[in-house]
Amino acid sequence: MNQNLLSMTTNEKSQGFLARTAVVWKTAVGSVIAWEGARLTGSNHPYLAPLTLILCLQVTIGQSLRFALYRTVGTVLGVVMVGLLAIDIPITAWALGLALLVCTAILKMLKFNDLLIHQAALSILFVLYFENQSTGYAWDRVKDTLVGAAVALIFVIVLVPPNEMNQAKKQLQTLTRDMSDILRRAAAAITLNDFNTTRFDVTETLDGLFTAIEQVQQTANLARTSIPFNLYANRQQLNRLQVDVHRLQHVFIHYAALMKAIAAEASNLTADLRKSWSQWLERVAEAIEDTLKTNLPGLGDNAAVTKLQGELENLHPESAAYQAQMLIQSLYFEGHFTGEHYFLK
């Protein structure tokens with residue numbers, strides 16, 4: 001069993017290293033394979049294949065697929081339009097401008113994507129210039145583009161595809177640690193009855209947290225758009241991640257309301273009551289830290305829930321106790337995420 005665990009750990013570290021260095025080895029190894037693939041097909045311009053591969057290695061799988069499609073279709077359209085409309089024109093600045101104007105205008109009228117039009121324009125430019133100097137360039141450009149795009153997609157989809165979900169999970173774990181730390185700072189501020197120094201600033205703290213969680217949400221959205229093309233992605237894990245993101249958003253909201261309610265009544269709170277609030281926040285911070293040990297599955301300890309909720313009965317003011325109750329419900333909420341809605345199981 002220990003050997004299996006060691007094997008799994010080593011494998012995860014290896015995959016992590018490959019993912020972190022993907023931009024290096026995919027570019028280098030992929031370029032070699034694309035060049036040789038183009039050369040074996042008889043190309044006299046094999047550099048076009050690794051050029052396409054490098055351009056197609058985008059940050060996400062979805063972006064790589066889109067660029068590969070636009071690059072390939074744009075190249076084919078550009079070559080075809082040059083062959084039909086402008087192959088015999090003399091190469092001058094005015095002739096180039098006229099050819100680009102006519103060809104791109106036709107593509108625009110046909111409502112093609114701007115990125116595809118850009119790729120077609122590049123093909124028009126290079127085919128007009130190089131075909132007169134190197135016979136067969138136009139055909140090589142089409143063929144080598146297909147080779148480069150194919151190799152790029154194999155590397156992006158099959159060989160260690162970009163995993164935005166892992167990145168989002170790491171960001172969420174960092175946020176969870178930050179939330180726990182902030183609750184401890186708030187507990188110290190309540191004990192000292194000190195809400196007016198840099199030790200604790202509700203507004204500034206929440207602004208930073210919401211900015212960070214928006215970044216996590218953006219990363220999770222990238223993972224969602226790429227998941228149909230990711231052979232190794234787990235949709236259930238992505239849904240779990242979305243639930244955890246929404247959970248923390250609700251925790252942040254009720255935490256802010258809780259601290260504002262306590263701050264508003266700070267002058268009326270006895271030392272014992274402040275101590276009780278401080279201890280309660282410390283226990284919530286510990287509960288949040290426990291989620292990191294199990295990959296943020298939600299706080300499922302019913303005994304802990306009951307205890308934290310029971311302690312609120314003796315805490316005042318009532319407005320703060322209510323927000324604290326909502327905070328606990330947010331932490332222990334178990335649901336699933338579908339589209340833009342958050343449903344109870």
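Helix H7 covers residues 137-157, which is 21 residues. From its first C-alpha to its last it reaches 29 Å, close to the 30 Å expected at 1.5 Å a residue. The expected span is 1.5 Å times one less than the number of residues. H7 is mostly covered, with 16 of its 21 residues buried. Buried means under 20% relative accessible area, exposed means over 50%, and partly exposed lies in between (1.4 Å probe, protein chains only).

This is a predicted model: local features need pLDDT of at least 70, side-chain atom pairs count only at pLDDT 80 or more, and totals for chains, interfaces and linings use all residues. Residues are numbered from 1 along each chain as its sequence is written, and side-chain values use heavy atoms, leaving out hydrogens and water.

**The whole chain**
- The chain has 13 helices and 2 strands. Both are DSSP runs numbered from the N terminus: helices are H or I with at least four residues, strands are E with at least two.
- Of the 345 residues, 42% are buried.
- Among contacts with a separation of 6 or more, 76% join residues 24 or more positions apart. Contact means heavy atoms within 4.5 Å.
- The accessible surface is about 18600 Å², and 60% of this belongs to carbon and sulfur atoms. Areas come from the Shrake-Rupley method with a 1.4 Å probe; for residues, only the protein chains shown count as cover.

**Nonpolar cores**
- A nonpolar core is a set of buried Ala, Val, Leu, Ile, Met, Phe, Trp, Tyr and Cys residues joined through side-chain atoms within 4.5 Å.
- The largest has 43 residues, and Leu 258, Trp 277, Trp 280, Leu 281 and Val 284 touch the most other members.
- Helices H8 (164-192), H9, H10, H11 (271-292) and H13 (318-331) each give this core two or more residues.
- H10 gives the largest share, 11 residues.
- A second, separate core of 15 residues includes Leu 48, Val 82, Ala 99 and Ala 120.
- Val 284 touches Leu 183, Leu 308, Leu 327, Ile 328 and Leu 331, leaving aside residues up to four places away in sequence.

**Loops and surface**
- Lys 111 is found in the loop between H5 (93-109) and H6 (114-130). Its phi is near 65°, a positive value in a residue other than glycine.
- Most residues other than glycine have a negative phi.
- Lys 111 is exposed, with a relative accessible area of 75%.
- Tyr 232 lies in the loop between H9 (202-226) and H10 (235-264). Tyr 232 counts as exposed because its relative accessibility is 53%.
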